[in-house]
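Have the structure open and follow along.

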Amino acid sequence: MEEAAVASVAESGRRAARGSDVPRRGDRGGVIVEFAAVVPFLLLALALVWQVLLLGITAMYASHGAAEAARQAAVTPDDMERVEEEARKRVRAPWDGVDVMTVEVVERDGARFARVTLAMPIFLPGASGPWDVTGEARVVTEVEPRGSFQ
């Protein structure tokens, strides 16, 4: 009889450690509610990472376009159409659109610079926002310009 009492106490101790055998109805669906509360924050973090990626790609294209424009401006300083054409070859669509990309050669502090300005996309490439990203490269003159280069 004593053994049965000890077994009963041991069994009740195990139940207490595990919790009650009766399921608690108040905890049902808690994981779903917590998941639903966290999902918007995860989506916001993902959107921010995506926007930073778009910023990096835009800056890269602006830099590459400016470098190519500077190379072409060094060889054909009077042909701005050719400079712009070569710069657009380095930039992929939709960043190379006429309303998204501008190419110019500017003079500053006695030196010439090729400047490419791209409209910063917001969330989707092609959906331009209010910000611009500019890349510049110095033109190392190989041929002196005959006239105006703007």
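Start with Gln 72, which counts as buried because its relative accessibility is 10%; buried means under 20% relative accessible area, exposed over 50% and partly exposed in between, using a 1.4 Å probe and protein chains only. Keep in mind that this is a predicted model, where local features need pLDDT of at least 70 and side-chain atom pairs count only at pLDDT 80 or more, while totals for chains, interfaces and linings use all residues. Residues are numbered from 1 along each chain as its sequence is written, and side-chain values use heavy atoms, with hydrogens and water left out.

Gln 72 belongs to helix H2, residues 30-75. Helices (H or I, at least four residues) and strands (E, at least two) are DSSP runs, numbered from the N terminus. Leaving aside residues up to four places away in sequence, Gln 72 touches Arg 82, Val 83 and Glu 86; a contact means heavy atoms within 4.5 Å.

What does H2 meet at H3? The two helices pack at an angle of about 145 degrees, with axes 8 Å apart. On the H2 side, the contact is made by Gly 65, Glu 68, Ala 69, Gln 72 and Ala 73, and on the H3 side by Arg 82, Val 83, Glu 86 and Ala 87. Axes here are lines fitted to C-alpha atoms, for helices over the stretch in contact, and angles run from 0 to 180 degrees between N-to-C directions.

Helix H3 covers residues 80-89, and its buried residues are Met 80, Val 83, Glu 86, Ala 87 and Arg 88. They pack against H2 and strand E1 (101-108).

Now look at Tyr 61, also in helix H2. Tyr 61 is buried, since its relative accessible area is 13%. Not counting residues up to four places away in sequence, Tyr 61 touches Arg 90, Val 91, Arg 92, Trp 95 and Leu 118. The C-alpha atoms of Tyr 61 and Gly 135 are separated by 8.3 Å, though the two residues are 74 residues apart along the chain.

| Residue | Relative accessible area | Contacts |
|---|---|---|
| Gln 72 | 10% | Arg 82, Val 83 and Glu 86 |
| Tyr 61 | 13% | Arg 90, Val 91, Arg 92, Trp 95 and Leu 118 |
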